Amino acid sequence: MHCHSNEHEEIKKIKAGSKKIILVGSPNVGKSLLFHNLTGKYATVSNYPGTTVDITTGKIKELDAMLIDTPGMYSLLAITEEERVAKKILLENADVVVHVMDAKNIERMLPFTIQLIEAGFKTILVLNAMDEAERLGLEIDVSLLSRRLGIPVVKTIATQKKGISELKKILKDILDERYRFEKRDLIKINTFLGNFMIRITEMLEKEYPISKKMLSILALAGDKDTLELLKNERKYNEIVELINSVKSGMATSPSYEIFLQIQKNANQILEGVVSEKRIEKGSLRDKITDLSTNPYISFPMAILSLYMIYLFAGVLGAQILVDYIETSYEIYINEPLNSFLYEHVPNYWLRELIGGEYGVVTLGIRYAIAIIFPIVTTFFIAFSILEDSGYLPRLAALLDVAFKKIGLSGRSVIPLLLGLGCGTMATIVTRTLESKKERIIATLMLAVGIPCSAQLGVMLGIVPDFRALLIWLGIISGVLILIGTAASKVIPGSSPLFFMELPPLRIPNAGNVFYKTLARLEWYFKEVMPIFVLISVVIWIGRITTVFDLVVEMLSVPSVAIGLPKEGGLILLYGFFRRDYGAAGLYDLISQGILSYSQTVIAMVTLTLFVPCVAQFSMMCKERGLKTGVAIFVIAISLAFSVGYLTGILLNYVGYT
Amino acid sequence: MKGGKMKEELENALKEIWMSLNETKKDVSVSEFSEDIIRDLISSGYILRKGDKIILTDQGGERARKIIRLHRLAERLLNDVLGMGETHVEESACKFEHVLSDEVEEAICTLLGHPGVCPHGRRIPRGKCCIEGEEEVKRLIFRLSELSPGEEAEVKYIVADDEISSKILAVGLLPGKKIKVIRVFPTFVIQIGNTQFALDRKIADAIYTLRY
């Protein structure tokens, strides 16, 4: 996951750069790790499909070439948005294409290699995770495969950096034009479709970045992007007519028959290349892997993993570390700074800009470093461990049936869980969901009711007792279920499908977890720090001009109406700028002992449901469109106050005050 | 017998007689059928007249059983595998029963796993293949969603709209691929080659497999 706002920069870099090498392959085969090995730059790696939602670029120094990592794709026939992104990059930029595959699944993945070769790309086939394949007893004759395909084939183990230097050497040979690609006729369509393919090929008159044979195959298979590409052909209408007539004459679809043919071609190529030794299974790992999808085991496992996140982010981060850092910050920075300012800066407003109650250092940077930093860090560590273990897809599979009830598929569990870390980041990741409907519902839930890690940490830190925690949890989950159910009824579109690869369980590599946490933190701080400083400045300006007091006054009206003290308005305003900022404000208020039991619960509920922070809001508008973004915003505000109000009544009724 | 239509009429009459005698256990009187049909049935050696009543000969009984068997097997096929609606099933099955050859009959019966009852709950008379193959030949084609954990099967065909089938195909669940079912709850988990996939019921319903 990378900062979305950088995408344009990345594309510009691609346009400007030198030779371009593109990594492609299905999700979770080790592209991103290979990217890291080749460039030294860290693209977020994880053991679940669909992490790379944006393109990442890096430089291979020795080759003076640019390497581009793409979202996962299974074939040139793009289905999801991610695949479309990957295909677009491929068509526009490729000098060399590196097809990375999981060696143990060569039979299933080779059809894509064949498509790439037939499309005319200078392709290298990388058989990654050879260690896992060998453990399964699989042997692959690389030189025979290389001869049959007419391209270089390299074995690698990206997790151990094996085979990387060989890959670099081959890349260098290709870039220096020392490697000779052999032209092979790999896709042979023997059915009547073959004739149509030839007829369409002959009708194409313009020049394209990929071969006419592949274009006509894709067009026959009904690929929308390809048809779009052919729009300017003189015989476009004739081609479309031909394709339609083929379709209407068939009981199955042309894409089905074409895929079948290509798979047959692949199987023929692999004959004699792959041999399998029988290996006794039943190792401890197989057993754990097996158990991990067993519902009776995996439900407790799911709870255990959530508990692990809680222990990390909620206890270690939000309580122990926050306490420690907060106190130190107060003693070593705030107090000396304030007395220094008092002595040396005579101007009150100048003093207030830096120190005082709302200063850049005393409020903005303090929130960012003392409260948010430990919570977010611990959350990202926990999330990275879960991610790398390969457990998340299993959690997705486990929850799919339940999620279907609220219009989502199990796939949504990944952005929603990530939303417990940072809602903005999670909103970007909703892109990996397949249907528009699902993306909207997930975005809505992230905006309304999924508290981010900082919020969550603070909530857990201030909750007066376990009962209050349960009340809060119950109300928030109730609201989430309610809006999910309502949204799935209101938003048009069919219910989503669920289909996901379950990677083998792996023991998370400490280095990977560290780098990944670092990459996420870097992203987060680039995003957060400026906003925190900015908010302090905005508050400062607001105070000088008294606009700030006015807005706080205004927000304190609904705040008082739902049973909170006047100061609640202030927190809601903070929350508007950034939810975690608001949560941190709430933390302050509680430590001053201003809120009663019921007020604390009401504040927790209201702030959780309150509008997403500025960053998430802008991301919502960017990803889902302004109209949807604003609609979600309005829904969130009205829900926050009405549910907050009802919570007050409820607490009053049962006598928990 | 003059032409197919006549043959159909005869076979239908024979079927009715058999069902009445064997299933509803009621005598059948000659007056229930036209004189032409009675005459033809007798001359074919299918029935005998005993006063007002009709008695089936061995040959006639055999023929009737066969027709009914074909009709009900056809119902099963149309209903289970092709998922056709009630009225269509009845109409098509009525045509089917008169045209199926022995080989096709056995193939369908084996395919369906020698079913004992038709979709309406009536017995399907057993054929040679049922008696011979009862032990070792089990039903062959199953939807993936019908398989149990631990079972292995081969993907045979996919029946789904474009969206589902293109998804299934793109990840390589092609006809001919061997799969193993790992779990069926809460989602389906299958193993293809060396990879496990989780999929929901909608997709599992679309994949037809040959069980080993």
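These are my notebook entries on a few places I looked up in this structure, which is a predicted model.

**Entry 1: aromatic pairs**

I began with the rings. Over all chains, the structure holds eight aromatic pairs. I looked up A:F373 and A:F525. Their ring centres are 5.6 Å apart, and their planes stand at 70°. Planes over 60 degrees apart count as edge-to-face, so this pair is edge-to-face.

Next I asked where the two partners sit in the chain. A:F373 belongs to helix α16 of chain A, residues 360-389. A:F525 belongs to helix α23 of chain A, residues 510-544. They are 152 residues apart, and the pair links distant parts of the chain.

For A:F525 I noted 18%, which counts as buried. The cut-off for buried is under 20%, so A:F525 falls on the buried side.

**Entry 2: rings within α16**

I stayed in chain A and turned to A:F379 and A:F383. They form an aromatic pair too, with 5.9 Å from centre to centre and 20° between the planes. This pair is stacked. Both residues lie in helix α16 of chain A. They are four residues apart, about one turn of the helix.

A:F379 has 1% and counts as buried. A:F383 has a relative accessible area of 0% and is buried. I also found A:F380 here: ring pairs link A:F379, A:F380 and A:F383 into a cluster.

**Entry 3: α27 against α29**

I then looked at how two helices of chain A pack. Helix α27 covers residues 597-609, and helix α29 covers residues 626-654. Their axes are 8 Å apart, at an angle of about 160°. Angles over 145 degrees count as roughly antiparallel, so α27(A) is roughly antiparallel to α29(A). The crossing of α27(A) past α29(A) is right-handed.

Which residues meet? From α27(A) I listed A:S598, A:V601, A:I602, A:V605, A:T606 and A:L609. Among their partners in α29(A) are A:A636, A:L639, A:F641, A:G644, A:T647 and A:L651. I sorted the residues of this contact by type: ten are nonpolar, five are polar and none is charged.

**Entry 4: the buried residues of α8**

Helix α8 of chain A runs over residues 193-203. I noted these buried residues in it: A:L193, A:G194, A:F196, A:M197, A:I200 and A:M203. What covers them? The cover includes α9 (212-220), α11 (236-248) and α12 (254-270) of chain A.

**Entry 5: A:A302**

I picked one residue, A:A302. I found A:A302 in helix α14 of chain A, residues 295-344. Its relative accessible area is 11%, so A:A302 is buried. I left aside its neighbours within four places in sequence; A:A302 is then in contact with A:Y391, A:L395 and A:L398. I also checked A:A302 against A:F617. The two are 315 residues apart in sequence. In space they are 30 Å apart, C-alpha to C-alpha.

**Entry 6: chain B**

Last, I turned to chain B. Its secondary structure comes to eight helices and eight strands. The chain has 212 residues, and buried residues make up 49% of them. I then took the contacts in chain B between residues at least 6 apart in sequence. Of these, 61% join residues at least 24 apart.

Conventions
Residues numbered from 1 in each chain as written. Chains lettered and ligands numbered in written order. Predicted model: local features only at pLDDT ≥ 70, side-chain atom pairs only at ≥ 80, totals over all residues. Heavy atoms only, no water. Phe/Tyr/Trp six-rings, centres within 6.5 Å; stacked < 30°, edge-to-face > 60°. Buried < 20%, exposed > 50% of the residue type's maximum accessible area, 1.4 Å probe, protein only. Axes fitted to C-alpha atoms, helices over the stretch in contact; angles between N-to-C directions. Parallel < 35°, antiparallel > 145°, perpendicular 65-115°, else oblique. Left-handed = near helix turned anticlockwise from the far one by under 90°. Contact = heavy atoms within 4.5 Å. Nonpolar A, V, L, I, M, F, W, Y, C, P; charged D, E, K, R; others polar.
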